[in-house]
Amino acid sequence: MSCKILKMEREEILALLALYSMKEIPKGRIKELRKKVGNLLKLFSFKKSELECLGLSEKCIKKIKDINYKDFEKYLNDKSLKIVTIFDEDFPLKLKEIINPPLFLFLKGNINLLNKKMFSIVGTRRSSDKAIAWGKKAAKVMINNGFAIISGGAKGIDTGAHKGALMAGGATVCVLGGGVNNPYPKENSSLFDKILKQDGLLISETLPDEPVNRYNLLLRNRITSALSDGMLIVASREKGGAMWQSKVAVLQKKHIFCPSLSLKLEPYDGPKQLIKKKVAIAIEDPKRIVEYLNKTTIIQKTLTQTLK
């Protein structure tokens, strides 16, 4: 049994994967090319002059001529993988609407979670045990109120969030900075297995076997944020991945929460800054997050009905 492809035809998926693997072609350019030619597969049968008319450089044209797009069939033949592209109706609307959306998602696990309410819990890898325990507690509260937990699978707060969700008997989603066949960090391999066994989901926009790198770790933040209905930043220093994540969440107009500084969940320099700038709402009890989100939902529904 081969990989399940959602909507986009198999041959064009191969062409998309081949183009995506080419460093010579900017990712955003691929969408433009599809608009011009209708089907990306055509590019691999075009003459050099036709490719030049599309504004492609000599390096790009050489790469297209040299590469065999069928070499990427190994991913489509992997029965554990599912692929959804931005050109498909199944692609999450929340992701389609963001700046620089991913071209496709590689998925392992329960793809139905893409349509479920999600809440993001993130923070630094180097956090105190007290902060990790509080993050676990928050995950349990959100699970018990109908949310799936989404995080990045990193050590520290992320790991605590995923474990808290699993302990509460809920589902959790992990957005990876590398391929789904090469999840990072390696010491969390048992956690990734548990996520899948408990009807969870692993997500990545990188090729399945691609190793993690710093750029992709930062890039995945926009996916974590976009798919969530709100974000809790448990612990962070003034600079780092969690603070970068908060900037993305602000751009995407997400509700951001931080533990009250009185709880002293170290390190709290990051949350202190976010609360001071009124970017984040300070809470002492995770239940307040649910109350706030429910209240906001009611207000939005009322405004929508009024405008109608």
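Predicted model: local features only at pLDDT ≥ 70, side-chain atom pairs only at ≥ 80, totals over all residues.
Residues are numbered from 1 along each chain as its sequence is written, and side-chain values use heavy atoms, with hydrogens and water left out.

**The whole chain**

In a cartoon view, look for 14 helices and 10 strands, where helices (H or I, at least four residues) and strands (E, at least two) are DSSP runs numbered from the N terminus. Along the principal axes, the C-alpha atoms fill a box of roughly 65 × 50 × 35 Å. The radius of gyration, taken over C-alpha atoms, is compared here with a globule rule of 2.2 Å times the number of residues to the power 0.38; for 308 residues a compact globule would have a value near 19 Å, and the 21 Å of the protein chain agrees with that.

If you switch to a surface, the protein chain exposes about 15400 Å², of which carbon and sulfur atoms supply 51%, the areas coming from the Shrake-Rupley method with a 1.4 Å probe, and for residues only the protein chains shown count as cover. Of the 308 residues, 51% are buried, a word that stands for under 20% relative accessible area, with exposed meaning over 50% and partly exposed the range in between (1.4 Å probe, protein chains only). Among contacts (heavy atoms within 4.5 Å) with a separation of 6 or more, residues 24 or more positions apart account for 73%.

**Strands E4 and E5**

Next select residues 118-122, which form strand E4, together with strand E5; the two run parallel and are joined by three bridges, strands being paired if DSSP finds at least two bridges between them. To find one of these links, pick Ser120, whose bridge partner in E5 is Ile150. Then show the side chains of residues 148-151, where Ala148 and Ile150 point one way, Ile149 and Ser151 point the other way, and all are buried. In a regular strand the side chains alternate between the two faces of the sheet.

Move on to residues 157-167, helix H8, where nine of the 11 residues are buried, including Ile157, Asp158, His162 and Leu166. What covers the buried residues of H8 includes E4, E5, helix H7 (129-143), strand E6 (172-175) and helix H9 (189-197). Just after H8, stop at Gly169, which takes a positive phi of about 80°.

Helix H1, residues 10-20, is largely enclosed by the rest of the structure, because nine of its 11 residues are buried; Glu12, Leu17 and Tyr20 are among them.

**Two buried residues**

Select Leu207 in the loop between strand E7 (201-204) and helix H10 (214-219); with 11% relative accessibility, this residue counts as buried. Apart from neighbours within four places in sequence, Leu207 is in contact with Leu17, Tyr20, Ser21, Phe72, Tyr75, Phe104, Phe106 and Gly179. A distance line drawn from Leu207 to Ser151, C-alpha to C-alpha, spans 20 Å, and the two are 56 residues apart in sequence.

Now go to Gln245 in helix H12 (residues 241-251), a residue that is buried with a relative accessible area of 4%. Its contacts, again leaving aside neighbours within four places in sequence, are Val122, Asn221, Thr224, Ser225 and Met231.

**Backbone details in the loops**

Finish with the backbone, starting at the cis peptide bond from Tyr184 to Pro185, which has omega near 5°; Pro185 is found in the loop between E6 and H9. Another cis peptide bond runs from Glu266 to Pro267, with omega near -5°, and Pro267 sits in the loop between strand E9 (256-259) and helix H13 (269-276).

Asn100, in the loop between helix H6 (93-96) and strand E3 (104-109), has a positive phi of about 55° although it is not a glycine, and at 46% relative accessibility Asn100 counts as partly exposed. The last stop is Asp199, in the loop between H9 and E7, where phi is positive at about 65° although the residue is not a glycine; Asp199 counts as partly exposed at 47% relative accessibility.
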